[in-house]
Amino acid sequence: MAKVLMKGNEAVGKAAIEAGCRYFFGYPITPQSEVPEYLSSELPKVGGVFVQAESEVAAINMVYGAAGAGARVLTSSSSPGIALKQEGIGYISNAGLPAVIINMMRGGPGLGTIQPGQADYNMAVKGGSNGDYHDIVLAPASVQEAVNMVMEAFDLADYYGTPVIVLADGLIGQMMEPVEFNYVCKKELSPKTWALTGKGDGEKHMVENLVIEASECEAWNQKHFEKYAKIEANEQAWEEYLMDDAEYAFVSYGTSSRIVRTAISYLRDAGYKVGMIRPKTLWPFPVKAFDKWDKNIKKYLDVEMSMGQMVQDVAYACNDKNKIEFYGRTGGIVPAVDEIVEFGKKVMGGDK
Amino acid sequence: MNTQRICCAGFGGQGTLSMGKILAYAGMLEGHEVSWCPSYGPEMRGGTANCHVIVSDEPIGSPVITRDANCVIAMNQPSLDKFVDILAKGGTLIANADLAALKEDRDDIQVLNVPANTMASQEFGSAKLANIILLGAVIQAISPVKVESVDDAFTHVFGGSKAKFIPDNKKAFEMGFAFAKNNK
């Protein structure tokens, strides 16, 4: 299929349909409103169901229901809307159900601004709901990668039985880039024999959340963490950019990594041996990338559109908090290339 | 061509976003990497609107242009004032001369003043196609994509019931192209 020029928000909607998703429950919010807008017209054409719920809280619980019935189901929102969904996300995680949640982040906290941000890292990666749980978090840096990751998210969700969050931002939602829809599932997926499809004469199925006996609840948690260990072992993903001779490494994801990529070209021209480790999964965090390159690297330059929410994970990954320098803009500001170049020169100055 | 960074800016409603979209589409049809990045925010209605288009042979880093732009198309004065300084040395400023003018003498950039509103009004009876006249001027001035690719892009962008707009758009494009050629 030839490439088409699509807005990120519409492209992720199409990606969901291509991945076999037939159910969307959500509520509009800038800068992701084109996702529900697109799906409201396109899902019915393929026999799917689009519901604009009365609130984000209602939408995520409809997702919970559809996931329990074995459907491929999507919701999307932007930062404050995702904050509202946290209770439901915790319930779906605890029930071990597959669902895909897209967050086109904007500046926060609270209602914040409508412009792009990356300050929901902690909410997505550390868990914005109660209890011990993780969701897989994928961080696309382009419209094409957003498409691929949404399609992959459905497979990962089904394979592991967990919600998958696609954590992008308003810029990726609003910009247009060429895309094609040729992702192919690499996992062998089992039929959803556990789904609540109506008992009839069949066996009893149950989706549980309340495990009131403490010892049973602990065992339940431990089962989750066996699954999480598998995900951490198998699903870490990252891009290495100009790392072969690098003495310094930027660490940046999503839109900020795009700015960093351009800044690196100027810094390379000025003689700095600098590359980038770009996490594509934020949970599991790509610790393996740091294991691989850490001995070559004098400093990590963490760049985010937040006040530094990823810094602790980088420190954990490289096992040396003194090796990290941070530069960030927040509240809806996308850093300019020159700011990153100046930051890079300040950190690497005289050490070409 | 390596990388062409082009900023299209004007009032909301002047068609700066569409102009950029056609350019990006043409670049994609030629097989280049492209990005089209709009401003979005509380300032849109009645205020300024701009988009940044990059056409490149390499994967595109920052889709937001903050330096080294090859071309700035300013459809009004606030846009010219805001974006002229992101031009690279030797870059091209294309000003909609009816509504924008560079206030200082600059010998480090090329300046092309196109009276696009007047040209559009005389030919089509309204200033609506001023954006496409300026697009024609861009393609002549810095050749980020081929003329044929813009023609192809028109048929993609104006599909179905919008096909009736193609002849006027092509005419406007040719007017801008010819103007740029004759006013080097």
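**A friendly note on the contact, pockets and salt bridges**

1. The contact (heavy atoms within 4.5 Å) takes 21 residues from chain B and 23 residues from chain A. Please keep in mind that this is a predicted model, in which local features need pLDDT of at least 70, side-chain atom pairs count only at pLDDT 80 or more, and totals for chains, interfaces and linings use all residues. Residues are numbered from 1 along each chain as its sequence is written, chains are lettered from A and ligands numbered from 1 in the order in which they are written, and side-chain values use heavy atoms, with hydrogens and water left out.

2. The size of an interface is often given as the accessible area lost when the parts come together. Here the area buried between chain B and chain A is about 2000 Å², with carbon and sulfur atoms giving 66% of it. Three residues, B:Trp36, B:Tyr40 and B:Arg67, supply 33% of what chain B buries against chain A, more than any other three residues. Buried area is the accessible area (1.4 Å probe) that two parts lose on being put together, summed over both.

3. B:Arg67 forms a salt bridge with A:Asp338, and the closest N and O atoms are 2.4 Å apart. Nine residue pairs, both members at pLDDT 80 or more, are in polar contact between chain B and chain A. A polar contact is a pair of N or O atoms within 3.5 Å; within protein, one must be able to donate a hydrogen and the other to accept it, and residues adjacent in sequence count only if both atoms are side-chain atoms.

4. Which elements of chain B give two or more residues to the side that touches chain A? They are helix 1 (16–29) and strand 2 (33–38). Strand 2 of chain B has the largest share, five residues. Helices (H or I, at least four residues) and strands (E, at least two) are DSSP runs, numbered from the N terminus. By class, this side of chain B has 12 nonpolar, five polar and four charged residues. In that count, Ala, Val, Leu, Ile, Met, Phe, Trp, Tyr, Cys and Pro are nonpolar, Asp, Glu, Lys and Arg are charged, and the others, Gly among them, are polar.

5. Now for the pockets. On a 1 Å grid over the protein atoms alone, a pocket is an open set of points with protein on both sides within 12 Å along at least five of seven lines, a cavity is a set of points where a 1.4 Å probe fits but cannot get out, and lining residues have an atom within 4 Å of a point. Grid points are joined across faces, edges and corners, and a volume is the space filled by probe spheres set on the points.

6. The largest pocket has a volume of about 830 Å³. It is lined by 32 residues, and the closest to its centre are B:Gly15, B:Leu17, B:Ser18, B:Asn131 and B:Phe158. Helix 1 of chain B gives the most to this lining, with six residues. The lining residues divide into 17 nonpolar, 11 polar and four charged.

7. The second largest pocket holds about 670 Å³ of space. Of its 24 lining residues, A:Ala95, A:Gly96, A:Tyr160, A:Gly161 and A:Lys227 lie nearest its centre. Helix 9 (214–234) of chain A is one of the elements that supply at least two lining residues, and helix 9 gives the most, with six. The lining has 11 nonpolar, five polar and eight charged residues.

8. The structure also holds one cavity of 30 Å³ or more. About 40 Å³ of space lies in the largest cavity, whose lining includes A:Arg72, A:Phe154 and A:Lys192. Helix 7 of chain A provides the largest share of that lining, three residues.

9. Over all chains there are 25 salt bridges. In one of them, the side chains of A:Glu34 and A:Lys7 meet at 3.1 Å, N to O. A:Glu34 lies in helix 2 (residues 34–42) of chain A and A:Lys7 in strand 1 (residues 4–7) of chain A, so this pair ties together parts that are 27 residues apart in sequence.

Note on methods. Salt bridge = Lys/Arg side-chain N within 4 Å of Asp/Glu carboxyl O.
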